[in-house]
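Look at the sequence and the structure first.

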Amino acid sequence: MSKLDMDTPEFSANEQELIDKEFTRLERNQSTYLDHAGTTLYAESQVAHAAVQLHHDVISNPHTSRSTGDYVDQVRFKILEFFHTQAEDYQVIFTANASAALRLVAEHFDFGDKGNFHYCQENHTSVLGMRQMIQANGTYMLRREELSELREGHRVRRVMANGSSSTGNSLVVFSAQCNFSGYKMPLETIQLIQDDGLPHFGKLIAGQEDKETNGTAYNYYVCLDAASYAATNPLDLQKYKPDFVCLSFYKIFGYPTGVGALLVSRRGAELLSRPRQFYGGGTINYAYAHAMDYKLRNTSLHERFEDGTLPFLSIVELLEGFRSLERLIPTNSNTGISTMDRVSRHVFTLARYLENQLKQLKYANGQPLIQFYNHQGYEQRSRQGGIVAFNVRTESGGYVGFAEIACVASLHGILLRTGCFCNVGACQRYLQLDDQMMDVIYKRSGRICGDYNDLIDGQPTGAVRVSFGYMTRTSDVRKLVEMLEKSYLSSRSPERWRFIEKQASQLPKALQQRAQSLRPRLLELAIFPVKSCAALKAKKWPLTAQGLKYDREWMIVDRNGLALTQKRCTDLCLIQPSIDKDNLILMFNGDTNSSISLPLFLSDDDLQAAARCRSKICRQPIEGSDCGDQVAQWLDQNLGLDGLRLLRQSTQRSSSSHQLSLVNQAQFLLVNRSSVRSLQFEEPLDETVDRFRANLIIDTGAPFDELDYTSLSIGRIHFKVEGPCQRCDMICINQRTGERSPETLTTISRLQKGKMRFGIYITRLTDKEDNAELNEEYHLICGETLEVD
């Protein structure tokens, strides 16, 4: 038992019992809820009280009922009290949520003549949305370090050299707690920015860069996105005084939804203007229908910005949210620790405990199962909240897609969050995605926020997030750990795929389609009509008893009748074959003006006239027909050699159903794209894949999975695994250019401790009912799924 197992719990046994009684629905539904950063759960007595109140009281439009207006005023007062402030210092403007609060600031903040907009890279998408509405001179992105490492002494003088006052108002927006990682920004940063400005503007994203004033022309204001932070942490606005605070109450109480707030300080209120635009009822003194005349209210701040009728029923129910929280987790009478401080301690302890447990999960080879995404670990509660973001790794160091984790978790009754959590900047930062890779993910591959496109070329596009609330128990954490251990340390990939597919109908609709695509598929087919020459790529290709139709049916020999390979002539890879209906067409190095065509089908007379030749492939004798002088001259001319001939294997086959064409050891060579990716060559991945000259390309997501296969099926075609392919230095040749790079072979040797295994040989299994020569013609089709044993 670890030390963290023995930590004294934050809640007493009686308190825990009361809390558990409020969430009995979790037990009834066999659910483990771990997405409190998305929304926390409401207490059952909280909604029961709401039902009673709605049944008993007459709560109507506050324009009609004074009592409803009084309720709303009580809620405003309670919100200010909850955040340790008062109406003299802050005003409450009700909004739909924190995003609406951010929009309100973006629409109405007065930047003056030259004010700039600064936001943190690790911000919610709604902060990025502010950029579309602001009227700033320049828009800048700040990295976390540029904010969190501000110190006293960096003071920016905001009186210009000529003595004139500041001419612009700059707005800095950041999250008190990152909703991706749970990192807490030092709130001392707020006053440092307000007093001293920014020593570093950040990266210019839009507008004009200030190269002259060095910040001296600006007053600085801070907008704090507290939606994630306030859900599980105390926010003291008497101690820390941002100009604007954005909130969503469902994150704190679970119920009601559809109501948030913008808290505005006296200083911030001076910068909120109401330009000519839409207005709604409640925000005007009058508006004529017969003319354009109108006059906005100019009494209290909230009356100027709360357009239309407030969601008064939801606002009224906030009171019970506050009461429920304080009733279930009262301020500690012995220590004086407040309700929200106790919640903060509880969720942080759970997060630290989870990290400790996950760190202990390792494969037999010592590879950690989990890769964490955080800044400073889980040692300081002041810098880390109750969120744990991570990805699951494979035994060979690859990644398991977050969509698979979402499927497995859901089928175990565990509710968690996957993706980028509406925080693409943090996702980019933690996953170490450069700008080019971001374009690959979103522009070229078509990923959209919220989908389950989780891996691109083996690299994760998002993560798994677990977050805690005051009702989360240690047993919930253990269920998650046990699920990961059982699913990834005690079972193999095919077992998980079958487990998910069998129960896919039980998954949320958004996951059902993704669940059916977790199993590896045939990605690419490559046929090599002329041995040692370039591949012909196809989406669908017919099979014969010998393998892929036309695969290695021709070969080039020298004047001595010996097979010519790329080991002797690397330019062979520049001979590019294609097949139309009746002809094999050869082209050299992409030159369409230098091609030659050979008939696929020969008459009996042509076969009798063709010269018979014998040669050897891997010491095995083969017999073929010479394809004539014209193609021989073409080969000599393009390859720069004399005496070359093109042979076609004899069509007289043996009776064996496993008769080979001009391949080395088996009918097909299969390569796993994940295995190739693990080599990490400094060239496009497709080029590295081509080096291995495989017929079948798959991607399991886990390098070298294929070496454990004994049999597999692709669609309705069944195969037996003959064994691994022992590689030679032919893979050192780039198949696009013909250039040699010897490190290919040495890298494989290093990864496999001296062995040269890469890819597997497979042979098709046939019987009397499944014989391509006796029955219908079978095809391999890209996109068909694999079943492996």
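**Reading helices and their packing**

Helix α16 is followed by Gly-446, whose phi is positive, near 80 degrees. Helices (H or I, at least four residues) and strands (E, at least two) are DSSP runs, numbered from the N terminus.

Q: What kind of model is this, and how are residues numbered?
A: This is a predicted model: local features need pLDDT of at least 70, side-chain atom pairs count only at pLDDT 80 or more, and totals for chains, interfaces and linings use all residues. Residues are numbered from 1 along each chain as its sequence is written, and side-chain values use heavy atoms, with hydrogens and water left out.

Q: How many helices and strands does the protein chain have?
A: The protein chain has 24 helices and 37 strands.

Q: Which residues of α16 are buried?
A: Buried means under 20% relative accessible area, exposed over 50%, partly exposed in between (1.4 Å probe, protein chains only). In α16 (residues 435-444), the buried residues are Met-437, Met-438, Val-440 and Ile-441. Seen down the axis of α16, they fall within an arc of 155 degrees, so they line one face of the helix. That arc is taken from the directions from the helix axis to the C-beta atoms.

Q: What does the face of α16 turned away from its buried side carry?
A: That face carries the exposed residues Asp-435, Gln-436, Lys-443 and Arg-444.

Q: What do the buried residues of α16 pack against?
A: Contact means heavy atoms within 4.5 Å. The buried residues of α16 pack against α15 (424-431), β17 (455-456) and β18 (459-460).

Q: At what angle do α13 and α17 pack?
A: Axes are lines fitted to C-alpha atoms, for helices over the stretch in contact, and angles run from 0 to 180 degrees between N-to-C directions. Helix α13 (residues 339-359) and helix α17 (residues 474-489) pack at about 25 degrees, with axes 10 Å apart. Angles under 35 degrees count as roughly parallel, over 145 as roughly antiparallel, 65 to 115 as roughly perpendicular and the rest as oblique. So α13 and α17 are roughly parallel to each other. Among the contact residues are Leu-350 and Tyr-353 of α13, and Val-477 and Leu-484 of α17.

Q: How are α3 and α12 placed?
A: Helix α3 (residues 44-56) and helix α12 (residues 312-328) pack at about 140 degrees, with axes 9 Å apart. They are therefore oblique to each other.
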